[in-house]
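Thank you all for coming. I would like to walk you through one structure, going slowly for anyone who has not seen it before.

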Amino acid sequence: MPAGIMIPARNMPSMIGRNGTVGGFGSSSGLTLGQPNMMEGQLHQLDMTQNTSESDIPRIRDDDFDSATKSGSENHDGASGDEQDPRPNKKKRYHRHTQHQIQEMEAFFKECPHPDDKQRKELSRELGLEPLQVKFWFQNKRTQMKTQHERHENTQLRSENEKLRADNMRYRDALSNASCPNCGGPTAIGEMSFDEHHLRLENARLREEIDRISAIAAKYVGKPVVNYPLLSPPVPPRPLELGVGNFNGQPGIGGEIYGAGDLLRTISGPTEADKPMIIELAVAAMEELIRMAQMGEPLWITNHDGSSILNEDEYIRTFPRGIGPRPTGFKCEASRETAVVIMNHINLVEILMDANQLSTVFSGIVSRALTLEVLSTGVAGNYNGALQVMTAEFQVPSPLVPTRESYYVRYCKQHADGTWAVVDVSLDNLRPSPAVRCRRRPSGCLIQEMPNGYSKVTWVENVEVDDRGVHNLYKQLVSSGHGFGAKRWVATLDRQCERLASAMATNIPTGDVGVITNQEGRKSMLKLAERMVISFCAGVSASTTHTWTTLSGTGADDVRVMTRKSIDDPGRPPGIVLSAATSFWLPVSPKRVFDFLRDENSRSEWDILSNGGVVQEMAHIANGRDTGNCVSLLRVNSANSSQSNMLILQESCTDPTASFVIYAPVDIVAMNLVLNGGDPDYVALLPSGFAILPDGTTTHGGGIGEAGSGGSLLTVAFQILVDSVPTAKLSLGSVATVNNLIACTVERIKASLSCENA
């Protein structure tokens with residue numbers, strides 16, 4: 001008989017419940033000959049073809065299972081739910097297992113919930129049942145136990161949810177009823193600000209916990225994730241209130257604070273139903289990226305400075321599919337850049353596919369990156385075919401520019417000619433959210449292997465973005481594409497590849513004074529400096545992980561401050577850390593600003609903390625072709641003989657799109673250990689420094705290396721330990737001190753550079 005032909009079952013019990021739904025262990029009015037293909041919680045037809053797909057097999061619903069199976073003790077036959085009997089008045093025959101049979105199978109189930117064929121046959125012989133009846137009983141019993149377990153877990157989650165909401169209400173009452181213990185009146189600002197800041201951080205943590213539990217609950221009960229409202233209404237900010245306001249996107253003091261979205265912490269991995277669509281989207285994005293990287297005019301128009309500008313009309317004609325209609329108010333930013341870097345293609349691909357390495361190498365651009373789910377790890381032991389869903393937050397190092405959060409799939413593929421390609425494309429259309437301010441069209445890079453360990457990289461950045469939150473100072477830089485564009489990615493990659501190459505170099509010249517030749521000492525010092533740079537970059541932007549408060553009344557250059565509590569972090573001193581930052585424009589080229597700030601001979605002109613002492617370079621490590629790329633260890637010889645000498649670790653780095661001078665005071669004993677190859681992770685650092693960007697107004701590219709190119713956008717950021725006790729209250733005196741420190745530093749820099757310019 002041909003495979004797949006249905007044979008009416010003469011002696012099999014009925015498999016249709018009283019309400020006509022599929023239940024028990026059967027599947028249809030007849031059984032087909034052949035080998036059964038079973039999975040838990042599903043009903044399968046027995047087909048000689050043995051290739052029944054999972055999508056063709058109906059799943060038992062919880063309510064059907066509860067009403068029809070009675071713990072697997074009731075079996076019945078008749079037509080399936082899709083094949084209704086044409087004689088509805090025909091009386092159904094029911095065969096209920098005996099109490100003895102149920103008890104025996106229940107007892108056996110406790111010992112062995114997954115019996116094999118031999119055990120099922122033996123059990124069926126003892127109980128007078130068919131082996132298939134035993135098999136289906138155990139299958140349904142397992143499904144029932146799984147359902148009960150999920151319901152119990154759901155009840156626990158709901159209970160925990162209620163507890164969190166109660167805690168949230170308690171914090172709300174604590175905020176609203178705070179009073180001074182001495183006079184009974186309202187709490188003074190200086191005494192209360194840190195406590196309020198702490199409570200609001202706790203409130204944000206609780207909301208995150210509620211979101212997480214809601215997502216888990218939705219997975220089990222099939223309901224959408226509940227977006228719980230903020231239980232405590234935002235408290236109106238008071239003048240000079242520190243660390244308060246701006247949570248959940250509320251306006252701050254002295255101006256609006258940006259980057260308060262919750263995108264990265266609320267998005268979870270994709271559902272099973274989304275995955276085929278994600279794969280299809282990634283494959284199409286890869287094809288588009290290859291063409292975008294290789295095509296010339298009319299798709300790309302060459303600008304007067306040699307850069308490529310995307311012809312938007314031609315793009316829409318060439319790639320009509322796109323990622324959906326552009327949201328209202330969004331602009332397109334697209335750029336392409338090519339460079340040869342000193343790193344092999346294998347290491348480059350690994351950096352791009354590893355979220356931790358990505359945020360380390362591109363710390364000035366990527367403030368956070370997280371892999372939500374790996375859909376494919378690749379084949380043949382490498383990343384060829386790797387596919388992963390990620391979230392990331394991209395930044396410009398200034399509190400005046402909102403960060404850009406993206407939820408996207410990253411796909412890596414090796415092509416026939418040996419070229420590797422890594423492409424991103426946004427998945428926001430799967431889960432539309434009003435908080436989304438940036439969507440990534442197919443963007444990424446092509447990597448071609450070159451001789452001697454070099455690689456040719458072609459980078460394409462193509463995004464739709466709402467940039468209305470950008471401060472006027474930075475609008476020209478961002479709109480020109482130099483803030484987030486391909487040129488900045490490639491320039492950063494080139495500089496970091498040189499840094500990694502110097503870290504692994506063994507042919508260090510020994511003639512120069514102050515050059516560290518000890519290989520282990522070099523690695524430890526470079527690792528410490530890398531952590532310092534990452535910490536600085538993560539704390540200077542308008543990231544969603546922290547909230548800046550603007551101090552009003554400081555003139556055109558508003559100072560933004562925030563507090564953070566450091567506990568049990570070996571890389572930071574314990575206590576209350578006050579961060580302050582401000583950004584302003586200078587009518588001096590970025591290169592001149594960079595050279596002035598990194599030079600130890602001119603440090604006393606702006607560094608108030610050096611107390612006018614003489615600064616000497618004790619040791620340094622070169623980091624690339626540009627002499628400005630280096631890590632230095634400086635000693636401040638104080639003019640006051642009673643004051644102990646201080647060491648400063650400094651890294652200066654520059655490329656055509658951005659420059660940094662970042663430093664931190666370090667302990668002499670700890671640095672001696674590091675220079676001898678010791679572990680740098682336990683050296684406490686509080687980095688401060690400068691981020692220097694071109695203002696974007698030049699007519700010939702605005703690169704930092706061009707001595708006569710336009711003005712500069714300078715961000716000054718300090719981190720000060722104001723109290724070594726984490727539970728202490730922060731006073732307004734500490735805020736005023738840090739505010740004066742940063743204001744005086746800014747004035748000194750302006751005065752020195754204006755004198756030079758004159």
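This is a predicted model: local features need pLDDT of at least 70, side-chain atom pairs count only at pLDDT 80 or more; totals for chains, interfaces and linings use all residues.

Residues are numbered from 1 along each chain as its sequence is written, and side-chain values use heavy atoms, with hydrogens and water left out.

The protein chain has 16 helices and 23 strands, where helices (H or I, at least four residues) and strands (E, at least two) are DSSP runs numbered from the N terminus. Of its 758 residues, 49% count as buried, and here buried means under 20% relative accessible area, exposed means over 50%, and partly exposed lies in between, with a 1.4 Å probe and protein chains only. If we take contacts, meaning heavy atoms within 4.5 Å, between residues at least 6 apart in sequence, then 67% of them join residues at least 24 apart.

Let us now look at the helix pairs, starting with α2 and α3. How are these two helices arranged, at an angle of about 155 degrees? Helix α2, residues 99-111, is roughly antiparallel to α3, and their axes are 10 Å apart. Axes are lines fitted to C-alpha atoms, for helices over the stretch in contact, and the angles run from 0 to 180 degrees between N-to-C directions; under 35 degrees counts as roughly parallel, over 145 as roughly antiparallel, 65 to 115 as roughly perpendicular, and the rest as oblique. On the α2 side the contact uses His-100, Gln-101, Glu-104, Met-105 and Phe-108, which meet Gln-119, Leu-123 and Leu-127 in α3.

Helix α3, residues 117-127, also packs with α4, residues 131-176, at an angle of about 110 degrees and with the axes 8 Å apart, which makes α3 roughly perpendicular to α4. In this contact Arg-120, Lys-121, Leu-123 and Ser-124 of α3 meet Pro-131, Val-134, Lys-135 and Phe-138 of α4.

I will close with two single residues. Asn-518 sits in the loop between α12 and α13, and with a relative accessible area of 34% it is partly exposed. Leaving aside neighbours within four places in sequence, Asn-518 is in contact with Leu-675 and Asn-676; the C-alpha atoms of Asn-518 and Asn-676 are separated by 7.5 Å, although the two residues are 158 residues apart along the chain.

Is Thr-745, by contrast, buried or exposed? Thr-745, found in helix α16, residues 732-757, has 1% relative accessibility and so counts as buried. Not counting residues up to four places away in sequence, Thr-745 touches Trp-606, Ile-608 and Phe-718.
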